[in-house]
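Here are some notes for a colleague who is opening this structure without having seen it before. They take up an annotated site and then the contacts between chains.

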There are 4 protein chains.
Amino acid sequence: MAATRAMSAASVHASATHGPDAAGDDLDGDTLREECGVFGIFGHPDASAVVALGLHALQHRGQEAAGIVSFDGEVFHSERRPGLVGDSFSDRGTIERLKGQAAIGHVRYSTTGGTILRNVQPLFAELAGGGLAVAHNGNLTNALSIRRELVRDGAITQSTSDTEVILHLAARSRKPRIIERFIDALQRIEGAYALVALTNKKLIGARDPQGIRPLVLGELDGRYILASETCALDIIGARFVRDIENGEIVVISDEGIESIRFAEKRPLRPCIFEYIYFARPDSVVNGKSVYAVRKNIGVELAREAGVDADIVVPVPDSGVPAALGFAQETGVPFEMGIIRNHYVGRTFIQPTQSVRELGVRMKHSANRAAVEGKRIVLVDDSLVRGTTSVKIVRMMREAGAREVHFRIASPPITYPDFYGIDTPEREKLLAATHSLEGMREYIGADSLAFLSIPGLYRAMGEERRDDACPQYTDHCFTGDYPTGLTDLAIAGPRRLALLAEAD
Amino acid sequence: MAATRAMSAASVHASATHGPDAAGDDLDGDTLREECGVFGIFGHPDASAVVALGLHALQHRGQEAAGIVSFDGEVFHSERRPGLVGDSFSDRGTIERLKGQAAIGHVRYSTTGGTILRNVQPLFAELAGGGLAVAHNGNLTNALSIRRELVRDGAITQSTSDTEVILHLAARSRKPRIIERFIDALQRIEGAYALVALTNKKLIGARDPQGIRPLVLGELDGRYILASETCALDIIGARFVRDIENGEIVVISDEGIESIRFAEKRPLRPCIFEYIYFARPDSVVNGKSVYAVRKNIGVELAREAGVDADIVVPVPDSGVPAALGFAQETGVPFEMGIIRNHYVGRTFIQPTQSVRELGVRMKHSANRAAVEGKRIVLVDDSLVRGTTSVKIVRMMREAGAREVHFRIASPPITYPDFYGIDTPEREKLLAATHSLEGMREYIGADSLAFLSIPGLYRAMGEERRDDACPQYTDHCFTGDYPTGLTDLAIAGPRRLALLAEAD
Amino acid sequence: MAATRAMSAASVHASATHGPDAAGDDLDGDTLREECGVFGIFGHPDASAVVALGLHALQHRGQEAAGIVSFDGEVFHSERRPGLVGDSFSDRGTIERLKGQAAIGHVRYSTTGGTILRNVQPLFAELAGGGLAVAHNGNLTNALSIRRELVRDGAITQSTSDTEVILHLAARSRKPRIIERFIDALQRIEGAYALVALTNKKLIGARDPQGIRPLVLGELDGRYILASETCALDIIGARFVRDIENGEIVVISDEGIESIRFAEKRPLRPCIFEYIYFARPDSVVNGKSVYAVRKNIGVELAREAGVDADIVVPVPDSGVPAALGFAQETGVPFEMGIIRNHYVGRTFIQPTQSVRELGVRMKHSANRAAVEGKRIVLVDDSLVRGTTSVKIVRMMREAGAREVHFRIASPPITYPDFYGIDTPEREKLLAATHSLEGMREYIGADSLAFLSIPGLYRAMGEERRDDACPQYTDHCFTGDYPTGLTDLAIAGPRRLALLAEAD
Amino acid sequence: MAATRAMSAASVHASATHGPDAAGDDLDGDTLREECGVFGIFGHPDASAVVALGLHALQHRGQEAAGIVSFDGEVFHSERRPGLVGDSFSDRGTIERLKGQAAIGHVRYSTTGGTILRNVQPLFAELAGGGLAVAHNGNLTNALSIRRELVRDGAITQSTSDTEVILHLAARSRKPRIIERFIDALQRIEGAYALVALTNKKLIGARDPQGIRPLVLGELDGRYILASETCALDIIGARFVRDIENGEIVVISDEGIESIRFAEKRPLRPCIFEYIYFARPDSVVNGKSVYAVRKNIGVELAREAGVDADIVVPVPDSGVPAALGFAQETGVPFEMGIIRNHYVGRTFIQPTQSVRELGVRMKHSANRAAVEGKRIVLVDDSLVRGTTSVKIVRMMREAGAREVHFRIASPPITYPDFYGIDTPEREKLLAATHSLEGMREYIGADSLAFLSIPGLYRAMGEERRDDACPQYTDHCFTGDYPTGLTDLAIAGPRRLALLAEAD
């Protein structure tokens, strides 16, 4: 997220990243990254174990670090670690230390604030009325402004993350009850957020006034669950109850569940990228199957930009459903012309020029048997910088493809995100700087087409985009941001975080 | 590999396994596992870095440990580590320690001998004429007999692996040159082997007299490469030259490449499981595209056991090509009705009964939107114990599938392997103990069908299996073992390895 | 520190302690422990390397954890780690990350707040005017009261240490300059403190109004140094300049050094335990050689409680100087009748009853050749719980000592400390619950004597203790506490820190 | 050990050393180092825990690595680790893995073969008749010759240590019983060795034909113990039974203890350096108290080289007993004029020239209060290269000493050792290249004197050295080596070990 990053870039030591997306062909950062997933459960005897499983199902939303906070009736317990959930939270000792019947957890890719352990969530603070732990998916667009005000007012910050301002705002609220303090805090912040929070009595879920980031309520044997996506309910056999509404707080306690509206009623406007790229295909987001939407996108794309070809090849894994939709609509056979290597750990260091020149294919490789001599339609979910696309087109040609027609299952990305998606700076977005023909030439395809905005809305089941009051947060394609961008005005070269700590 | 395991099971402490296959739904061991992949290069300035990349491409052949040995003109360097190649061999320091222009490497799942670092390959020995490092894919069927003889004769073993006997035999050979000693050793061993070896002058590749395990020769800018599969050539842009022949040794040195035949000429009889399950779909094994064979299998399966259904659903990832073939042959739409979670680290410990009862879906989850209300054909590569199939069928039904027809893209497995595939004991092979109807009932499907042996050979492009001289090693389906099984006769409860070391 | 521990005991997971004092015979906690050592340097090109060396020389003041914060002109860098300085801060990488020409460091045994990484010092905060890092030796006696007030006022705390309140008080001060804010903070706190602090312009040293804990100013090639003891100057060849005065702040910057008095002038009253036990014998504390004081103590002890004996045996290492004084005064030969094992890592877990019953001597062993058949005078620095003394007397008898006369080089400890020395609860102090004869009987000696209070003051070079205005902080012997004990009044069972985090 | 090191130096990566002796002032290697300590127990329910304690007491004999092998009636268990015993073998898990009632252990400084885990002892081999684990203190002087012969004969070596040849010789023996094979091996080797070995029935101890290295038999509640020194018996309260004789094997089993003589009877000739430096002062070696011998040495030194002075100052810790003897004989007061820092971890890296120039005193510091203005007699155990002495003399002068008289509690070292003491090459031994006056000038003392050979023998209780048949192994002072030095003849630049492995 270019602008925000520029605003609050902490001068931290970059620590080694790992997880699938950090590797290989992505060295150049040619992907979008979701920044977080959240999960919470209340009243379960193995709360932390269940949270660990839920986070595992949400791992696609963040592979860099994970954390769990539990409350055992007296004390909060916290474990926050770099790496995958399955590496950090699968041993008995860790789970047993996280005692208690209520717990929340978080996976993250990275946030504003850099990659240091202090920033790994859930964050915790001891308020006058008791403890408060918070896990956040999204990004605040006025965190820097608030933070400056807080520091001016004598606050000491423990992280460089935007989420911490929520804790400080709650701490400084003059309201007596923690839930009121929490609402006070929400009413000060601007941006996108799906939050799960834990107090010594309650599990809390909250979604920003437009519902940009997703949050669902589930239920398992009478205990309530909060999760970023339904796939985290499915892994443990929990039942989907409903989406948390935009501007709603749900408060789960021994007395049951209570719903509070902290922001005036307005239409839901969820982030359309959840459907295009982030959410897992088996999740149902805001009532719509992600898999079905993606297949619809493939169908619309085929209608808008069909082409005479021998096979349809997805860029795996994210391009698969749209490619299936394209293939089914056109009748052109679907083939796995690209194989993805899933065994990816840390990024390989390529020690010398001679190795770099090999043009190593860490993540994707061509399936020559499928593509040789064929006219192929390549389907990918989106086009960011284009550097991966260049490699893939070249790889297809080297494998003998006769023609390569590139089809993008989303409209051109021309604006950066500020709500929790890590987009490159605008000048690095290929579609922001090139014409369609320029892009085609850059990536070396025989033809190139994107899905149109109307096509995207049709795939979502809408007749058309309501430009006055858009049904989805789609600023990356339209520049139509759903909230104020306060921090953008005060951004500058000043370093906010003075401490560089290698945890 | 049941029988061999019984023969030489070392009394070692089981150390924690990791890597994708160790996790989640596989807790019950319901898969086949390839035991190794090998790679070597001669004359490259960054030999170790290239080997690391080659091993990364072969990671599907073994995720438990990896090792590289290089020779820098004076000294051999060795690094052997548990875990994935990308975690262990991607940092500059490690690669820089592995100096030299010639290097060989190995990935392994596990071998006879247990999971201890001493067993991680390549193994190294200092012979009278110089050093010898060996990496082995396969399994010897007379290793135990030879080992006993060696110990009786005063040899001290440094590992519990069958591969070490090759080093001892070479060490004890009275021939002057190391290559002659190596051939002496090969002429004593029985079983399956693709070997890469490194001396202080040469890179050596060897394939057993029937070519059970694969080994290919590649070339990159004039330097020769040996690898288990062509996908390891593709990752670095190397050119495929040819398969190493059965009974052939190739010796690569500064003088070029030399081919030596160490066993009499006989027909090639490669392991058919490479096509069914082990090799990567983009590899070409013995001249045949693995992807194409798998699609053919789907076609044959559809012809033999078609069924009236709404969608074809693969068990990902290995069932995808056969499912595509099945769908294309029948015209029934192909849908991703099961989603695989690729972020799998160590096995999750499920701490309490209450969590175990959740029936957690670590690796696979249902895509309800695709399967609800549908009659589905599930396509999986093979059926071993059946425990995973039970769960998957149940998961499909819980996601609303109206009918579940299970189709297996290989014949019933009724015999254990002794050549490097880790099969359970015979009494745990579902097909060895149940009738077809019994199996169907056990896994809970509406119908169940396997590919026939003739169908399998047709998919391979053969008219029929030549029972007198079978074209493939297919004993798991037929009981027709291609070599002697010397150790089987001396198997017993005696512990071969007396030392339990936790490295 | 019993009472304070009761007051603010954090419910943290005990993490494994290590370092020499944690081990062996000290399993029962029969020692006093100094809680910290501090060091800082300004204007040196290798500031962090120098701090690491200084901390190494202060290691006897705290073996549990160490930390360094440096400032490079733009950003503060921080590394805080469990274990010994020589293990954590001796590699090039760590020191190179701690860039800058000014740095401060800290070693600690443990503090109020438990053993978690968040509590390892120096602590850091970003204030409105810039960053502030603080390292503290001592303990505040109103930290809990202030902390409660801060939390009530919306502060979020990042550690459970008493030191953090200094940062919060400075953050909340309304003064414009950081040095003024820091003084504001000091004027609110009560207790014992030697502080070194670092801002983006200055190195600051401060000592509490009575100078309970030591702090010296040194100089190396024109650059100023602050350190807990002179031995930390000696290790790097720095020159001792003077002691920081009680109630004084020194501010070191590019402009030189400035002295500010933040508390009214009153007599110095340093902790007498620095001489008896804590400081290194080669240090000069408040102008007095620690070694010379300890020898004097031995001389006084010999005069007060001489005994007819064959040899004088120190309990090594702390009893050596007093035993030398005792031997020189009496003419009885000094012999190393007890050998200390210095190779002590983590505490050995004694796995079974049969091993526990061996009465293992991890740290001390008898030198039979020296003690057999002898009447011995054992000299130890102090008597806390007495459990170690019991073992040592028994060990001497088993080695053949004919008589064992125990002489303690300090008066009986009858009151707990609240200023940074970790004393057990009062009911566990042997001298608080037993008569002299009762103690003698308990430890099994033939005779037992302590140094008298007058004898102690004579050893310090004083004519007598000035009871109206004591020259030293000696409450452990007298109950005469030098400051208010605000927190003692509000102590209770309430848990202050709600978060248990295993870092 | 210069010559041997030249002979068989493995081309291994130097791994980081740690432990006290590796650090600080010893960067230049100005000490002698004992290479090992051994310990074994038979028939104890907590055998491994007892071995860990015994090794802890022997830690001064080797701080670099430690290992334990146990036998549980069926399987041998092994753990070998870098670092201190107290760090590696104090946790319950490790000890519990080392199951069984019989166990042996080893601590080592380093041996021929470099610092790699493969060389950490005990070594283990599976022989035809069962397992054999061996731990060795000492050094063989024909290991290289035997090793070459073994490799020529087809043996594969698993370490680069000289100890391994014992295993190979035993493995190749044609005798039926393991104990006979072990004797066969001993009869082939030449040099110094105290061995403890473990088979699946027996605990074995053996001492070389001249008893160069020490080995004692102890007893604890009827169970036999073998240990390098008596201090390892004392730590667990075991009783000293007797020394193992030179040329004797003791075999301990369920049937009790048996003594076998494997070499003809000849006079004992133990290494005199055990008394001067290596053994712990509380140990009794070959019937003589080490402490008493060292004090005697101080007495003899005072008689031979008394000097008019104010105080006697030991170089701690090893110089303390001789200094006490010197002080008692002369009546000059004994003072701790040098303080030793015992908190030493890894060697500090001194990152830049400016830090190096500080002349950092990591291990020793001057106690100015004791030495200022005094004429001092410095007593150190031995003089090797002299580099440390230079620093210490300078440090004493900088602390104000008026005169510095250096007295060395042993004769000049003029020849290297080949029996397990790590001496520098002869040209680096100060006494081998300088006259007495030259040495005095080099180290900067006002006077310098060594103990004479006759004085040393008097201190040992002998009337004089029997030159025809010396009572002690004293070649470092005399050049009179007690055994053949076969390998010395075949030494050369050839690299024996071709494999460089970083474990």
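**Notes on the annotated site and the chain contacts**

1. In an unreviewed entry, UniProt places the feature "binding site" at Ser318(A), Asp380(A) and Asp381(A). These positions are spread over 64 residues of sequence, yet they cluster in space, with a largest C-alpha distance of 7.1 Å. Please keep in mind that the model is predicted.

2. Ser318(A) sits in the loop of chain A that runs between β16 (311-314) and α11 (320-330). Is this residue, Ser318(A), buried or exposed? A residue is buried if 20 or more other C-beta atoms lie within 10 Å of its own. Ser318(A) has 22 other C-beta atoms within 10 Å, so it is buried. Setting aside residues up to four places away in sequence, Ser318(A) touches Tyr277(A) and Asp381(A). Asp381(A) is itself one of the positions in the UniProt feature.

3. Asp380(A) belongs to strand β19 of chain A, which covers residues 375-380. Asp380(A) counts as buried because it has 22 C-beta neighbours inside 10 Å. Which residues does Asp380(A) contact, leaving aside its neighbours within four places in sequence? They are Val315(A), Gly319(A), Ser389(A), Ile408(A) and Ala409(A).

4. Turning to the chain contacts, chain A and chain B meet through 64 residues from chain A and 64 residues from chain B. On the side of chain A that touches chain B, helix α2 (residues 47-57) of chain A gives the most, with six residues. By class, that side of chain A is made up of 35 nonpolar, 18 polar and eleven charged residues.

5. The contact between chain D and chain C takes 64 residues from chain D and 64 residues from chain C. What gives the most to the side of chain D that touches chain C? Helix α2 (residues 47-57) of chain D does, with six residues. The side of chain D that touches chain C divides into 35 nonpolar, 18 polar and eleven charged residues.

6. How are chains D and C related?

7. A last point concerns the surface used by chains D and C. Of the interface residues of chain D, 100% are also interface residues in chain C, so the copies meet through the same surface.

Terms used: Residues are numbered from 1 along each chain as its sequence is written. Chains are lettered from A and ligands numbered from 1 in the order in which they are written. This is a predicted model: local features need pLDDT of at least 70, side-chain atom pairs count only at pLDDT 80 or more; totals for chains, interfaces and linings use all residues. Two residues are in contact if their C-beta atoms, placed from the backbone, lie within 7 Å. Helices (H or I, at least four residues) and strands (E, at least two) are DSSP runs, numbered from the N terminus. Ala, Val, Leu, Ile, Met, Phe, Trp, Tyr, Cys and Pro count as nonpolar, Asp, Glu, Lys and Arg as charged, and the others, Gly among them, as polar. UniProt positions are given in the numbering used here, feature names are shortened, and annotations may be inferred rather than shown by experiment. A residue is buried if 20 or more other C-beta atoms lie within 10 Å of its own, exposed if 12 or fewer, and partly exposed in between; C-beta atoms are placed from the backbone.
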